[in-house]
Amino acid sequence: MLHRFYGGPTGWLRRFSLLTDDQTAALLPEPAPDPGPARITPDDEPLIAALERDGRATHPELQRATGRSESAVKRRLATLLGSGALYIDLEYDFELFGYSRAAVLWITATPAALHSVGEALATHDEIAYASATAGPSNIVVTAVAKDTAGLYAYLSGPLGHLPGVTHVEASPFLRRVKQLTYRTPAEAPGPL
């Protein structure tokens with residue numbers, strides 16, 4: 001990813017006012033204590049591995065996984081999150097909100113129109129995520145729609161009419177084979 005136009009911790013759900021302003025603010029990372037770029041170092045690997053296993057890990061759990069003090073874990077995590085070096089994504093089921101179709105769109109825009117196309121996409125209700133990328137396509141998007149007809153209408157309508165778009169390849173999600181989920185305590189199996 002070279003540049004994110006839309007998406008992130010609060011992303012697509014913000015469009016529909018499903019969260020209060022306080023709930024949205026609670027999902028955003030705190031500003032980095034030391035402004036400027038941060039890089040993930042080999043010392044961060046235990047922290048990253050623990051978050052890969054469970055992005056909801058608490059500071060004490062991260063302390064145990066890294067061998068660092070809890071305050072050191074908090075500071076490093078705040079630095080990585082605040083600088084954008086580390087990003088924790090939220091996964092949710094679009095169908096819960098009435099959107100049963102999703103697709104990854106690989107969009108090619110002229111270099112001169114790359115930024116304007118990305119900014120325009122960020123305003124479309126169908127866009128859950130949009131970023132500039134490198135390769136044959138220079139924008140990658142996750143688009144959602146209520147049904148197949150809605151996805152077609154978006155592709156042939158608002159997206160198809162954007163100045164600067166020269167090519168779109170759509171890869172609809174036909175079915176979800178695996179999604180990261182965490183069981184609530186009530187759903188967890190009992191002891192064997």
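This is a predicted model: local features need pLDDT of at least 70, side-chain atom pairs count only at pLDDT 80 or more; totals for chains, interfaces and linings use all residues.
Why is strand 2 described as largely enclosed by the rest of the structure? Seven of the nine residues of strand 2 are buried, so the remainder of the structure largely encloses this strand.

## Overall organisation

The protein contains six helices and five strands. Read from the N terminus, their order is β-α-α-α-α-β-α-β-β-α-β. The protein has 192 residues, and buried residues account for 32% of them. Its accessible surface amounts to about 12100 Å², with carbon and sulfur atoms contributing 56% of that area.

## Strand pairing around strand 2

Strand 2 pairs with strand 4 in the antiparallel sense, through seven bridges. Within this pairing, L105 is placed opposite V141 of strand 4. Strand 2 also pairs with strand 5, residues 165–172, again in the antiparallel sense and over seven bridges. Here T108 stands opposite H167 of strand 5.

In soluble globular proteins, nonpolar side chains tend to be buried together. The largest nonpolar core of this model has 21 residues, and L105, L121 and V141 touch the most other members. At least two residues of this core come from each of strand 1 (3–6), strand 2 (101–109), helix 5 (114–121), strand 3 (127–132), strand 4 (139–145) and helix 6 (148–156). A separate core of 11 residues lies apart from the largest one, and its members include A38, A50, A57 and L80.

The contacts of V141 show how parts of the chain come together at one residue. When residues up to four places away in sequence are not counted, V141 touches A103, V104, L105 and I107, together with L121, I127, Y129 and A130.

Which loops hold G7 and T133? G7 belongs to the loop between strand 1 and helix 1 (21–27), whereas T133 is found in the loop between strand 3 and strand 4. The table sets out their accessibility; a residue is classed as buried when its relative accessible area is under 20%.

| Residue | Relative accessibility | Class |
|---|---|---|
| G7 | 14% | buried |
| T133 | 19% | buried |

G7 is in contact with A128 and Y129, leaving aside its neighbours within four places in sequence. Y129 is also among the residues that V141 touches. G7 and V141 themselves are 134 residues apart in sequence, and the distance between their C-alpha atoms is 9.7 Å. With residues up to four places away in sequence not counted, T133 touches L2, N138, I139 and V140.

## Packing of helices 3 and 4

Two packed helices are described by the angle between their axes and the distance between the axes. Helix 3 (residues 59–66) packs against helix 4 (residues 70–83) at an angle of about 100°, and their axes are 9 Å apart. Helix 3 is therefore roughly perpendicular to helix 4, given that angles of 65 to 115 degrees fall in that class. On the side of helix 3, the contact is made by H59, P60, L62, Q63 and T66. Helix 4 contributes E70, V73, K74 and L77 to the contact.

How values were computed. Residues are numbered from 1 along each chain as its sequence is written. Side-chain values use heavy atoms; hydrogens and water are left out. Helices (H or I, at least four residues) and strands (E, at least two) are DSSP runs, numbered from the N terminus. Buried means under 20% relative accessible area, exposed over 50%, partly exposed in between (1.4 Å probe, protein chains only). Accessible areas come from the Shrake-Rupley method with a 1.4 Å probe; for residues, only the protein chains shown count as cover. A nonpolar core is a set of buried Ala, Val, Leu, Ile, Met, Phe, Trp, Tyr and Cys residues joined through side-chain atoms within 4.5 Å. Contact means heavy atoms within 4.5 Å. Two strands pair if DSSP finds at least two bridges between them. Axes are lines fitted to C-alpha atoms, for helices over the stretch in contact, and angles run from 0 to 180 degrees between N-to-C directions. Angles under 35 degrees count as roughly parallel, over 145 as roughly antiparallel, 65 to 115 as roughly perpendicular and the rest as oblique.
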